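Colleague: I have not seen this one before. Can you walk me through it?

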Amino acid sequence: MSRHDLTITEWNAIRNYLPKKRSGKRGRPWVDHRKTINGIIWVLNAGAPWRDIPDCYGKWQTIYKRFRTWCQSGLWDRIWGRLIRRLQRNKQIDPSIWCVDGSIVRAHHSAVGGS
């Protein structure tokens, strides 16, 4: 288990929000969602190309395709919203004091001693 893999608690928090089966598609059943999500998390944490995903997570093409499909369907946003609502309902988060900052401010090269 990698340090970035989902814990049992994290997995239990999201597993019921994931699709149960492939909708309208024939063929093989999906590869295990948990293993696939762990591969997605590995890429996002490492900042590595999809092709560099370790073999223990499965084929990179499968992981990438599932990530894109779920992005396009809005699944990640729905999971995020449900988790936030659950935390608020259980009084585990105070919406008046939390925020997410996704900004990055780069310093000019001369700010770090460059000429």
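Colleague: Fine. What am I looking at, and how are things counted?

Modeller: This is a predicted model, where local features need pLDDT of at least 70, side-chain atom pairs count only at pLDDT 80 or more, and totals for chains, interfaces and linings use all residues. Residues are numbered from 1 along each chain as its sequence is written, and side-chain values use heavy atoms, with hydrogens and water left out.

Colleague: How many helices and strands does the chain have?

Modeller: Four helices and zero strands, in the order α-α-α-α along the sequence. Helices (H or I, at least four residues) and strands (E, at least two) are DSSP runs, numbered from the N terminus.

Colleague: What percentage of the residues counts as buried?

Modeller: Of 115 residues, 23% are buried. Buried means under 20% relative accessible area, exposed over 50%, and partly exposed in between (1.4 Å probe, protein chains only).

Colleague: And the surface?

Modeller: The chain exposes about 9,100 Å², with 52% of that from carbon and sulfur atoms. Such areas come from the Shrake-Rupley method with a 1.4 Å probe; for residues, only the protein chains shown count as cover.

Colleague: What classes are in the lining?

Modeller: Twelve nonpolar residues, one polar and one charged. Here Ala, Val, Leu, Ile, Met, Phe, Trp, Tyr, Cys and Pro are nonpolar, Asp, Glu, Lys and Arg charged, and the others, Gly among them, polar.

Colleague: Back to α2. What do its buried residues pack against?

Modeller: They pack against α1, α3 and α4, where contact means heavy atoms within 4.5 Å. The buried residues of α2 include His-33, Ile-37, Ile-41 and Trp-42. Just after α2, Gly-47 has a positive phi of about 70°.

Colleague: Which residues of α4 are buried?

Modeller: Leu-75, Ile-79, Gly-81 and Ile-84. They pack against α1 and α3 (60-73).

Colleague: Where is Cys-56 found?

Modeller: Cys-56 is in the loop between α2 and α3. Its C-alpha is 9.8 Å from that of Thr-36, 20 residues apart along the chain.

Colleague: Is Cys-56 buried or exposed?

Modeller: Cys-56 counts as exposed because its relative accessibility is 53%.

Colleague: Last one. What is the phi of Lys-91?

Modeller: Lys-91 has a positive phi of about 55°, although it is not a glycine. Most residues other than glycine have a negative phi. Lys-91 lies in the segment after α4 and, at 75% relative accessibility, counts as exposed.
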